Amino acid sequence: MLTRNLKNLIQLRTFCSSKKKIFDWKEIKFKTKVPQETVKSQFSEKTERIKITENEIFLLEKLSLVDLERKEAVKVLEDSIEFASKIHNINTENVEPLYTVLENYQLTLRDDKVTDGNIKKDVLRNAVKTEEDTYFIAPK
Amino acid sequence: MSRLTTLSIKQLSRKFDEKSICPKELTIKTFSRIKEDNKKLNVFTALTEDHAIRKAGESAMRINDGKKLPLDGILVSVKDNFCTKSVPTTCASKMLKNFTPTYNATVYDKLEKAGAILVGKTNLDEFGMGSGCIDSIFGSSKNFWSEDYNNPRICGGSSGGSATSVAAGFCMASLGSDTGGSTRNPASYCGVVGFKPTYGLLSRHGLIPLVNSMDVPGILTKSVDDCLQIFNTIAGPDKLDSTTIKKPFNPIELLKQIDFKNLKVGIPREYNCEGLTSEVLEAWTKMADFLEENGAQIHEISMPYTTSSIFVYSILNQCEVSSNFSRYDGIEYGHRADDETSTENLYAKTRAEGFNNVVKNRIFAGNYFLLRKNYDKYFLKALKVRRLVSDDFSKAFKNVDLLLTPTTLSDAPLLNEFVKNHNRDQCAVQDFCTCPANMAGIPSITIPVKLSSNKLPISLQLMGPNFSEQLLFSTAKFIEDSVDFLSNYHKM
């Protein structure tokens, strides 16, 4: 009994002292597997600069409905396209698109039944304008 | 700056049992400190003091009655893109400034049902679009570890408020979200644990979507134990989110001992990328060495498509955003402009007033990539490269059990340096090491390991195959115990 207690005590003490041991950030014991030099991308960093046409701007404004300051917006868009165009340097022949990481799982479909109700107030609560607390309102 | 206890959730919970700490007193004290310290840090979009004190009272009663719930009295914060019933949920955007959800996000609901107490909603880049926690209508949050609050460090993003709320001791845990690194990036800069689960293990119901195919709720805590406890509380299938994994979730227990002899850790060489600072590289190098010393087999491996991740991400993000954000039209909820001339004019003006320029530019670019003539060239192409990024992981995990990499390339940048770059380039640099995991859906955890010469946290990231959470948490815990980063909080 005594020996066991003593053993426990020793274990406890080693535990406590190992807790206090300060991690040595300097010493490296093995030949490192972490690359010490910057690894360059193996793909060409080549990009293409595309000029956006007036027609395209008009179309995008109509689709986006966000009213951007045009000159600035076009520059940011052209930069974004240039940034994105780097993927064109990657060969994707015979590669299938990955739409979702759950592609091998069957997703749940619920029955087409009403599962709640009587929450009209909740549904309408966050609308700025409603008609008699019954309808959402769009401009006439 | 004073801070809350560095106790773990379990230790604090025991103190509640022993009646040496009362949840209500702790909550009241914490709020008085939050109100003082938050002036400097700007962590919250809303505080829920009355709610919290009431809930703390209920916790105290349950504890007295011997009916304690697992998280009774535990203070938590929630990123302001999770719906919280009767508490405004703004996404840090004018668009949702007036939005008060009528239901709870599932992950928050589970926390609340387990007894956790909400202290407030935390700041983010508008709709989660950023990596600095600076593009918010509430202003930028400041890093807890900043040397000078007048010339602050960023806390990273987009879940910067969540990370700071934990670092500053305003709460024990915070819910963040992670689309390209938004939980792990601020966790890394703020010296806290940040966890991104396997896609589908945590419900997204009530998390206002950014990029559905990559969004996951994330968890931020001071310690690995706390992180695991929160994860075990909120994980599992949800009827309200069809993208949760249907298999019942069994709570994870840490391995009693890691079988180092049979642990293979991969070092993907591409993560030594341009911009990686020498201090982070040194920490990464030392940690690999330390694991080897403990018996692990360390392998340098190549994951060649890593570098393409951020480009793929930029395309998919902007495409999904342009589609997702069509819901904001001013009619059903959110901001509504004062223009009744036509429906289209109302939509346009509402959106023009409601979104910041980062959001608008992403919608604009997304619509460009999705134009019929561009769809294959950009969107479909990006999805194909996404497959290659994901395949890099599948191939790696045939040979190794875990990957060890940096989380961010440096310690937290100064705010005034960071804002010199465009939002897109900020994200490209900041998300380099975190974004690939989102492409593949795999779990990942970041842990602070040491302080830099600037006395700022440096963190490392572990990634594993889907559902490898037990090994991830156990290895993270081993590293945490060895480096004892928490002692840096005691010294402050």
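# Questions on a predicted model

Colleague: Why does A:K51 count as exposed?

Modeller: A:K51 has a relative accessibility of 66%. Exposed means over 50% relative accessible area, buried means under 20%, and partly exposed lies in between (1.4 Å probe, protein chains only). The value of 66% is over 50%, so A:K51 is exposed.

Colleague: What should I know about the model itself?

Modeller: This is a predicted model, where local features need pLDDT of at least 70, side-chain atom pairs count only at pLDDT 80 or more, and totals for chains, interfaces and linings use all residues. Residues are numbered from 1 along each chain as its sequence is written, chains are lettered from A and ligands numbered from 1 in the order in which they are written, and side-chain values use heavy atoms, leaving out hydrogens and water.

Colleague: Is A:E78 buried or exposed, and how do you know?

Modeller: A:E78 has a relative accessible area of 5%. That is under 20%, so A:E78 is buried.

Colleague: What makes A:K51 and A:E78 a salt bridge?

Modeller: The rule asks for a side-chain nitrogen of Lys or Arg within 4 Å of a carboxyl oxygen of Asp or Glu. Here the N to O distance is 3.5 Å. The pair is within 4 Å, so it counts.

Colleague: Which parts does this pair tie together?

Modeller: A:K51 lies in the loop between helix 1 and helix 2 of chain A, and A:E78 lies in helix 3 (residues 70-84), so the pair links parts that are 27 residues apart in sequence. Helices here are DSSP runs (H or I, at least four residues), as are strands (E, at least two), numbered from the N terminus. Shared partners also join A:R49, A:K51, A:K75, A:E78, A:D79 and A:E82 into one network of salt bridges.

Colleague: How do you know that A:E48 and B:K377 meet in a salt bridge?

Modeller: Their N to O distance is 3.7 Å. That is within 4 Å, so the pair passes. The pair crosses between chains: A:E48 sits in the loop between helix 1 (2-20) and helix 2 (54-64) of chain A, and B:K377 in helix 12 of chain B.

Colleague: Why do A:E48 and B:K377 count as partly exposed?

Modeller: A:E48 has 30% relative accessibility, and B:K377 has 33%. Both values lie between 20% and 50%, so both residues are partly exposed.

Colleague: Which residue forms a salt bridge with A:E103?

Modeller: B:R387, with the closest N and O atoms 2.7 Å apart. Across the interface of chain B and chain A the rule finds 8 salt bridges. Helix 12 (residues 375-399) of chain B gives 12 residues to the side touching chain A, the largest share.

Colleague: How much area do chain B and chain A bury between them?

Modeller: About 7700 Å², with 64% of it on carbon and sulfur atoms. Buried area is the accessible area (1.4 Å probe) that two parts lose on being put together, summed over both. In chain B, B:F311, B:F364 and B:R387 lose the most area to chain A, together 10% of what that side buries.

Colleague: How many residues does each chain bring to the contact?

Modeller: Chain B brings 93 residues and chain A brings 72. Contact means heavy atoms within 4.5 Å.
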